[in-house]
Amino acid sequence: MDELNPETWVKNYGDYLYGYAYSRMRDANAAEEVLQETLLAGVKHSGQYAGKGSVRGWLMAILKRKIIDYFRSRKKHAGTSLSDDEDAFDPSTALFDQQGNWKPGAFKWAPSPEKNLEMSELSGVVQECLSSIPKGQADVFVLSVMEEMDSNSICEQLSITPSNLWVRMHRARLGLAKCVSEKWAGDANYGG
Amino acid sequence: MADDKEISELVSQSMRRKLSKEEQKKIDVSTAENEETRRFAALSKQINDSVMGLTIDDSNNKATLPSDVRERLNDSVAKAMSEKLSMSQAGLVTQAFAPSDLNQTDSTIAGNDDEYKEVVIRFQRTRKLAAGGIGEVWIAHDEKLGRSVVIKELNSNAKASPQAWDRFQREAEITGLLEHPNIVPLYMYGIDRRTGEPFYAMRFVGQRSLADAIEEHHDRVKVGQADKLSLHRLLNTFLDICQAIAYAHSRGVIHRDLKPENVAIDNFGQVVVLDWGLAKVLDESELALKMNDNCSLTDSSLLHTSHGEVVGTPVYMSPEQAAGKIELIDMRTDIYGLGGILFSILTGKAPHFSTATETNSKFSEVISKIADANPPSPSDLASVPSELEAICVRALSRKRHLRFDSAIEIAEVVERWMVGQSSKKISYEKLRMEGRELRADLQTQVHDLERNVSFCSGLPPVQELIKAVTEDDEKIWQKRMSTILIGLMEANPGYQSLAFGKFEGDDCTDIVRVEKQQGPITTVRRIPKSRLETRKQNAYMEKLSGRLPGELLTSLVHQSDSADGRTQVSLQSGIPVYDSETEEVFGFMIASCDIYQLLERQLGRRQFGGQITVACDTLNIMSQKISGQLNELSRGKAVAEIIPGLHPVIEHLQTNLEFIDAANSEIYGARIWFDPHVSGLMFLLNH
């Protein structure tokens, strides 16, 4: 039962949990906040730890829940309409002309289908780019892709409609594609 | 033909759902023809693949804990562990139970295995007591200790709401932290091992609430059977509630839903404040100072209140609660709640009862009215002691700064009133006894006067004088009669005159008259025949002449003094004299007293230290004694000028012999009639 000693949690799992939270939230303060809530909830509900599986896994489950809660509260405070942050950054205007066709050179670079990129390098770029798109778009992307939550659950947790979810996801993908192509093209090391 | 933007949307969606053949064909065509679509599709897929299900182990962008964050987190965990340990010691530990056969296990948390303790407690639910808001309350049997307990758990609707869970846990934590004889003791808080649903167990305090006690009291008031002690019992209950709330406030907790229904009175009269479900905790730093080192709140959500939310029970709600001004809710909100309970004790109704009924119980309208309305006044609904009314109105002030500063302060003023009321009651009893003795004393004197008049009218000289034919006979009998009357006058110093006379048409003439002669030495003399008067009958004499044999007439008689023009008032008792042979009314026998002297002598004998005022039916003061001293200056003045607020007392004494000031114990009134509903006196006594 030594593992259940919360005094060792920060030392043993702090970096892992913090890294996980940071990768999803892209905000050091927010990551610290959810990690703290996770650890306190772990202490409080330690009686519920059944001893099956690792303590890290158990704390991870709590952390994931806390991250969703954080997104939900952020969304609640930001308002409920799509326009709150999406209008401020709709990549469509930079990528499409008025007729809805691609502007020439919309993406400066793209990997060729045959070439496998180093995924760990690319994931780093993607995470940087997540910080550059609106939080409302990034949050649904994180929950959908990184957390692999199904659409219904995301809609339910964030109190948004399915169509709103699709719009957010699409804008997130456009924004990330633009950002990644620019970063990749600007760095000679990545090549093309 | 879809444009590029629409195609890009399909590309996005293709990564979340299976596209139709048609949609897929559109993408294929566009990617074959359009470089940008191809790039977007390739980029999106790579981006998706690079982070899908990304864990930290396979990321090369690992964020590590900054040292200051690490330190803060370690501190937080250590603090939470210490709090958890104290919660365990207080019995607030993780437990579980099955729906109808409650079987729970406790585990205290500590650093080592050796320090873990596990116990199993079984509760058998027996009967549902109540359901409301978010919870259900059951009576259950603790099989281990063989006692009844109350179990509270979330109802089925609330189980789906995270806010309800938070609120439920907050209620348990607050109740568990408040250890006071007048706050329901929490035995344990637990989580169902199978369903994960929370519950807690409390002492079973019976099912009688303060609301029941108030209803019983007012039922008795309605039928005039109110026990004098029952209001004092309710007020004692109120003092206990104040103590519980004062304690909670000292711990930084505000109840926010004070009402008689949330106060239980057990079989032994123990008062217990229940239902801390809406309680609010003041800010965390303040709370940390107020809580004992070993007491704690483990969840920061405990400190949260939904902004703009209307919480509380409408008919007892404070204006700031009704207005949804959560930021204005503080201890004074509970002072308003205490005022509401006092209001209910005094009137049998909730303070906003009329608001709720006027608006047909439409919630939003009631709330809006409560937020804007002036405070209700208890005396609008019931007869209420003025001091308690003032206390109640102050506690229910719309402006928070006008309310009492603390629950202790309101308890003190109510207690002071109760103590004062007890000594006041004792002293009022003395007042009442004094008033009754004064009336009885005067009645005795009037009876003596009437008896003497009656006696005189039966003397042999009376009939002898009626039938006397010679002057000598008349002289003899006049002399004999005057001797008797002088003897009677000398024996009764309060008498002014005794006269035997005859009616002659509208006139009346004295035949024998003896009077008191005022001077350095008071003497009684017979008025010589030459000075005897024939005068017009006044109203009193007219009424007397119509009386039947033996029928007395006693009255205050007002007459102008011919010498100085001032009105003199005397108490006269007369009896008609009938000729025994003709059986016709012949004349009268009248005894007259100086009422002022009579009253002064009477009041002068009393040791009473308060104020005694005697008023006649013209509501002028006949005599007054203040703090042992006769106040001659008040004689003849209108009584209402001297004693304000007398109107209801005088009104009452028109048809009753006694006025008892049940509400305030301040004034006592006694009535004596000489000639019923025509002539009499009122004794008014106050401190």
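**Close-up views of the predicted model**

**View 1. Ser148(B) is placed in strand 4 (residues 147–154) of chain B.** Residues are numbered from 1 along each chain as its sequence is written, chains are lettered from A and ligands numbered from 1 in the order in which they are written, and side-chain values use heavy atoms, with hydrogens and water left out. Ser148(B) has a relative accessibility of 39% and therefore counts as partly exposed (buried is under 20%, exposed over 50% and partly exposed in between, with a 1.4 Å probe and protein chains only). Leaving out residues up to four places away in sequence, Ser148(B) touches Ala140(B) and Phe204(B), where contact means heavy atoms within 4.5 Å. Thr126(B), 22 residues away in sequence, has its C-alpha 9.4 Å from that of Ser148(B).

**View 2. Ser634(B) lies in the loop between strand 20 (629–630) and helix 19 (639–642) of chain B.** With a relative accessible area of 2%, Ser634(B) is buried, and beyond residues up to four places away in sequence it touches Ile621(B) and Gln624(B).

**View 3. Phe96(A), Trp102(A), Phe107(A) and Phe40(B) make up one aromatic cluster.** Over all chains, the structure holds 10 aromatic pairs, counted when ring centres of Phe, Tyr or Trp (its six-membered ring) lie within 6.5 Å, with planes under 30 degrees apart called stacked, over 60 edge-to-face and the rest tilted. The rings of Trp102(A) and Phe40(B) are 5.9 Å apart at their centres with planes at 50°, so this pair is tilted. Because Trp102(A) belongs to the loop between helix 5 (92–95) and helix 6 (119–130) of chain A, and Phe40(B) to helix 3 (residues 35–51) of chain B, the pair joins two chains. Trp102(A) is buried at a relative accessible area of 8%, and Phe40(B) is buried at 0%. Phe107(A) also pairs with Phe40(B), and here the rings are stacked, 5.8 Å centre to centre with 20° between the planes. Phe107(A), in the loop between helix 5 and helix 6 of chain A, thus forms a pair that joins two chains, with Phe40(B) in helix 3 of chain B; Phe107(A) counts as buried at 0% relative accessibility.

**View 4. The charged end of Arg24(A) sits over the ring of Tyr20(A), 4.0 Å from its centre.** The criterion is that NZ of Lys or CZ of Arg is within 6 Å of the ring centre and within 35 degrees of the ring normal. In chain B, the charged end of Arg480(B) sits over the ring of Trp477(B), 4.6 Å from its centre.

**View 5. The largest nonpolar core has 79 residues, of which Trp9(A), Phe141(A) and Val180(A) touch the most other members.** Such a core is a set of buried Ala, Val, Leu, Ile, Met, Phe, Trp, Tyr and Cys residues joined through side-chain atoms within 4.5 Å. Helix 3 (residues 55–78) of chain A gives the most to this core, with 10 residues. Beyond its neighbours within four places in sequence, Phe141(A) has contacts that include Leu130(A), Met169(A) and Leu176(A), as well as Ile47(B), Asn48(B) and Val51(B).

Technical notes
Predicted model: local features only at pLDDT ≥ 70, side-chain atom pairs only at ≥ 80, totals over all residues. Helix = DSSP H or I, 4+ residues; strand = E, 2+ residues; numbered from the N terminus.
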